[in-house]
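Subject: The structure we talked about

Hi there,

Here is the structure I promised to pass on. Have a look at it first, and then read on for what turned up in it.

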Amino acid sequence: MEGHILLVEDEADLGNVVKQYMEVMDFEVDWCKSGRDALEKFKAFPSLYDMVVLDIGLPEMDGFALAKHLLNMSPDISFLFLTARNEKSDRLLGLRLGADDYVTKPFDIDELVLRMKNILKRKSTANVSSPANVITIGDLSYNKDGLQLSISGEKNILLTPREGELLEYLLSRSDKVLKREEILTQLWGENDYFLGRSLDVFISRLRKYLAASTTISINNVYGVGFMLSIKDE
């Protein structure tokens, strides 16, 4: 079995098609048609699910509110937003919440399943890595293969691919001032408004993860960009 999925979609025809196709692709699927039903089902079995695939425009409780409740119960749960809304503000909010991906309707069902498999594969390999692919600096340890970050040996944090790329880039250029446009073009090929806003989200989340570190911090350089600083222990 590929994984146990909680599908939250209020459109009956779409939900039925997605559920059936996921099952053909060897996923086990529980389908809920409202945010409150999904919350009750997850609350009853919080460790049962490997991923939640949820629409944003749900009755009774929208997808963003539902995601917050699920993360409070299970901070490591993977989730993917499935939505007809394509607003930049929605995408940014999804990123802030920690979404693993964001798929806009109409979508290709094969692409959706591939994205799901990639997320679950990344999560399943989080603890499998060679020493060469683990960065250890100060009290930070970062597993590049599994996108897994730990501080002072505490519980591992699973990063998104772009968070991982950004952290590795900053670590490789520590104690150097990096311009925003340099980061964007080097990592993601272009410097545009949406990617710039996304960069701010990723920086904010990395700062939150690094708050427990006594040796590493990310600082703003006003009007220029950012600098990752490393202190001697």
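Let me start with a question: does Asp200 count as buried, partly exposed or exposed, and at what relative accessibility? Asp200 counts as partly exposed, at 33% relative accessibility. Please keep in mind throughout that this is a predicted model.

Salt bridges

Asp200 has a charged partner: it forms a salt bridge with Arg180, and the closest N and O atoms are 2.7 Å apart. This pair links distant parts of the chain, with Asp200 in helix H8 (residues 193-210) and Arg180 in helix H7 (residues 180-188), 20 residues apart. Arg180 counts as partly exposed too, at 26% relative accessibility.

How many salt bridges does a search of the whole structure find? The search finds eleven. Another of them has Lys105 and Glu11 meeting through their side chains, at 3.2 Å from N to O. Lys105 lies in the loop between strand E5 (101-104) and helix H5 (109-124), while Glu11 lies in the loop between strand E1 (3-8) and helix H1 (12-24), so this pair ties together parts that are 94 residues apart in sequence. Lys105 is buried, with a relative accessible area of 14%, whereas Glu11 is partly exposed at 40%. Both residues also belong to a network of salt bridges that links Glu9, Glu11, Asp55 and Lys105.

A further salt bridge is formed by Lys144 and Glu168, where the closest N and O atoms are 3.6 Å apart. Here, too, distant parts of the chain are linked: Lys144 is in the loop between strand E7 (140-143) and strand E8 (148-151), and Glu168 is in helix H6 (residues 161-172), 24 residues apart. Lys144 is partly exposed at 27% relative accessibility, and Glu168 is partly exposed at 31%.

Ser141 stands opposite Ser150 in E8. The hairpin has four residues between the strands, and Leu147 takes a positive phi near 55 degrees in it. E8 is also joined by two bridges to strand E9 (residues 157-158), again running antiparallel, and there Gln148 stands opposite Leu158 in E9.

Which way do the side chains of E8 point? Gln148 and Ser150 point one way and Leu149 and Ile151 the other way, and all are buried.

Aromatic rings

The search of the whole structure also finds five aromatic pairs. In one of them, Phe64 and Phe81 sit edge-to-face, 5.2 Å centre to centre and with 80 degrees between the planes. Phe64 lies in helix H3 (residues 63-73) and Phe81 in strand E4 (residues 78-83), so the pair ties together parts that are 17 residues apart in sequence. Both Phe64 and Phe81 are buried.

Phe81 pairs with Tyr102 as well: the ring centres are 6.0 Å apart and the planes are at 65 degrees, so this pair is edge-to-face. With Phe81 in strand E4 and Tyr102 in strand E5, the pair ties together parts that are 21 residues apart in sequence. Phe81 and Tyr102 are both buried. Together with Phe79, the residues Phe64, Phe81 and Tyr102 form one aromatic cluster.

One last item involves a charge and a ring: the charged end of Lys33 sits over the ring of Trp31, 4.8 Å from its centre.

Conventions:
Residues numbered from 1 in each chain as written. Predicted model: local features only at pLDDT ≥ 70, side-chain atom pairs only at ≥ 80, totals over all residues. Heavy atoms only, no water. Salt bridge = Lys/Arg side-chain N within 4 Å of Asp/Glu carboxyl O. Buried < 20%, exposed > 50% of the residue type's maximum accessible area, 1.4 Å probe, protein only. Phe/Tyr/Trp six-rings, centres within 6.5 Å; stacked < 30°, edge-to-face > 60°. Lys NZ or Arg CZ within 6 Å of the ring centre and 35° of its normal. Pairing = 2+ DSSP bridges.
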